[in-house]
Amino acid sequence: MTLHRDVGTTRIPTTAHYAPADMTSSRLDPEFLADEGRVLPLVADWSREELYGVAALFSREGGRRDDAELLALLREWNPTWEGDDPDAVKAEFVTDPNGDSVRWSEKSYYVHHADGSVHKFELPEEGEEDGFAVQDDRFRELLATRSGADRPVQGAHLFVDLRTGEFTLDAPHAL
């Protein structure tokens with residue numbers, strides 16, 4: 001096996017093209033960024049660290065947006081209003097094994113209320129609510145995406161504060 005590295009590589013300076021001819025606004029065009037033939041020449045002289053830094057920026061932003069969407073669903077399903085019904089203040093997910101991996105699951109979703117009570121969240125039966133099925137599918141996708149990002153271990157808990165929007169991961173420590 002041959003391992004290639006950039007050690008000793010001489011890079012040829014190139015003219016920076018910050019606004020390619022086919023980009024007509026200051027907004028980055030996702031279609032342009034997804035076109036390897038147009039983007040790779042623009043970043044040919046970047047270091048690996050610079051490439052990974054930009055990739056991490058986009059990845060973090062995608063995760064932030066997923067978290068915001070998950071939080072909005074949780075808040076819609078568990079209103080935090082003051083009144084006769086107990087306030088839902090926190091959502092909790094416990095890991096479930098999934099073959100060789102561990103994931104967050106809608107089957108282990110608990111709602112914590114302001115009065116200290118905790119109840120397992122019951123998804124409505126299919127057909128019970130028309131719009132719920134679409135939300136439920138997206139909910140499962142968001143949990144799967146979060147599982148890929150968190151890489152939780154068995155026995156871990158994910159808490160979502162429904163008032164502040166804070167996500168907290170509580171995982172057992174390996175000895």
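## The core

A nonpolar core here is a set of buried Ala, Val, Leu, Ile, Met, Phe, Trp, Tyr and Cys residues joined through side-chain atoms within 4.5 Å, with buried meaning under 20% relative accessible area (1.4 Å probe, protein chains only). The largest one has 20 residues, and Leu70, Leu74, Ala91, Phe93, Tyr109, Phe139 and Val160 have the most contacts inside it. At least two residues each come from helix H3 (48-77), strands E1 (88-98) and E2 (101-113), helix H4 (132-150) and strand E4 (157-161); these are DSSP runs, H or I of at least four residues for helices and E of at least two for strands, numbered from the N terminus.

This is a predicted model, so local features need pLDDT of at least 70 and side-chain atom pairs 80 or more, while totals for chains, interfaces and linings use all residues. Residues are numbered from 1 along each chain as its sequence is written, and side-chain values use heavy atoms, leaving out hydrogens and water.

## Helix H3

H3 gives the core its largest share, 5 residues. The buried residues of this helix are Leu70, Leu71, Leu73, Leu74 and Trp77. Beyond its neighbours within four places in sequence, Leu70 is in contact (heavy atoms within 4.5 Å) with Phe139, Leu142, Leu143 and Phe167.

## Gln135 in H4

Gln135 sits in helix H4. Its side chain makes a polar contact with that of Trp77 at 3.0 Å (N or O atoms within 3.5 Å, one able to donate a hydrogen and the other to accept it; residues adjacent in sequence count only if both atoms are side-chain atoms).

Methods:
Buried < 20%, exposed > 50% of the residue type's maximum accessible area, 1.4 Å probe, protein only.
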